[in-house]
Amino acid sequence: MQYRNNKQGEPLSVLGFGCMRFARKNGSIDYKQAEQQVLYAKSQGVNYFDTAYIYPGSEVILGEILAKNHIREEVNIATKLPQYLIKSAGSIEKYFKEQCKRLQTDYIDYYLMHMLTDELSWQKLVDLGIKDWIDEKKRTGQIRHIGFSFHGNTETFLKCLHAYDWDFCQVQYNYMDEHSQAGRKGVEEAEKLGIPVIIMEPLRGGKLVNMLPENAKKLIANHPSKRSAADWSLRWLWDQSAITVILSGMNSMEQVKENIESADTAVPHCLKDEDFTFIESIKEEINKYTKVGCTGCGYCQPCPKGVDIPLAFRCYNEMYIEKKGVGRREYMQTSLLKKNPTSASNCIGCGKCEQHCPQHIE
């Protein structure tokens, strides 16, 4: 496992475990699978585990795994204050205490303001006294490092980045989002300021692996390096010295092992010019077919009318990336044939999903 340092010079594994996509069984997190994967990742040197208040069941399961196996002190927990739910100064402390209880800990290593979309969302917290609250938590050791996660455009990210003396930041970034979201410009500005960058959606919710066009799959399969699609995506990120940790939402042992193998050898400037040219050819193939830039993050859920929005977009994209029959068949099996259909035809156009979409998809 490779390591890169945080602002205080402490080592963080270049691969972090994103706990939003823990393996599920019958709609609930599969504890046994999650435990096996977390423990294996930890045994291989992963020391950064990321969750959030709104990830269903995630904080509770992570807390149980760490407490049961007596490894809380050996890892870093990152979780997030749901700033969009905050209505009063007292609710900041309320959510923090609830999260500590869920995680069975009395301190959080990396605490984030979740999903800042502009500087106004941070200013709202400032007006409620968040700065004094953070100072007290850091003084008592209840919070070790403070940061924010971001969805929005580059200009807004730069404003948020300069709004406070952050210990770290977390952004969506991958070879398809090089010039959107915080973008390369934002990532490199964070590096100039000495602010570690944590990456989410490095595989665009698995799209850069599971939903590649056939031509892109063939290019990767025939490349002499024999690297997997995931390996190409992760190495593109680790090649950049500005990147401290890449979060991977792993939900199978195969994914954990593959990503750890990549993390064992990836270092800054590990790619050559011909590698970047190859990645550009993959991007060209993807851009030919993708209709909706949904990452499957699920922030748009739940829909008041029960529409499974990420599923609808995924199946719609599959119609063009693979074949129309493939997308339609999956849509029928996973949405229309349910006892309570989650069809897009249930939509009444209320717009609630658009308010929460990090990609600003209409």
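1. Arg204 and Asp177 are both buried (buried: under 20% relative accessible area; exposed: over 50%; partly exposed: in between; 1.4 Å probe, protein chains only). Their side chains meet in a salt bridge, 2.8 Å from N to O (a side-chain nitrogen of Lys or Arg within 4 Å of a carboxyl oxygen of Asp or Glu). The pair links distant parts of the chain, 27 residues apart. Arg204 sits in the loop between β11 (197–200) and α8 (207–210), Asp177 in the loop between β10 and α7.

2. A note on the basis. This is a predicted model: local features need pLDDT of at least 70, side-chain atom pairs count only at pLDDT 80 or more, and totals for chains, interfaces and linings use all residues. Residues are numbered from 1 along each chain as its sequence is written, and side-chain values use heavy atoms, without hydrogens and water.

3. Two pairings in detail. β6 (residues 48–50) and β7 run parallel over 3 bridges, with Phe49 partnering Ile77. β8 (108–116) and β9 (143–150) share 6 bridges, also parallel, and Ile108 partners Ile143.

4. In β7, 6 of its 6 residues are buried. In helix α6 (154–161), 6 of its 8 residues are buried, among them Phe157 and Leu158. Their cover includes β8, α4 (119–127), β9, β10 (168–172) and α7 (183–192) (contact: heavy atoms within 4.5 Å).

5. Arg72 bridges to Asp109, with the closest N and O atoms 2.9 Å apart. Arg72 lies in the loop between α2 (58–68) and β7, Asp109 in strand β8, 37 residues apart. Relative accessible area is 9% for Arg72 and 5% for Asp109.

6. Salt bridges total 24. One joins Glu188 to Arg184 at 3.6 Å, N to O. These two are about one helical turn apart, because they lie 4 residues apart in helix α7. Both are partly exposed: Glu188 at 35%, Arg184 at 23%.

How values were computed:
Pairing = 2+ DSSP bridges.
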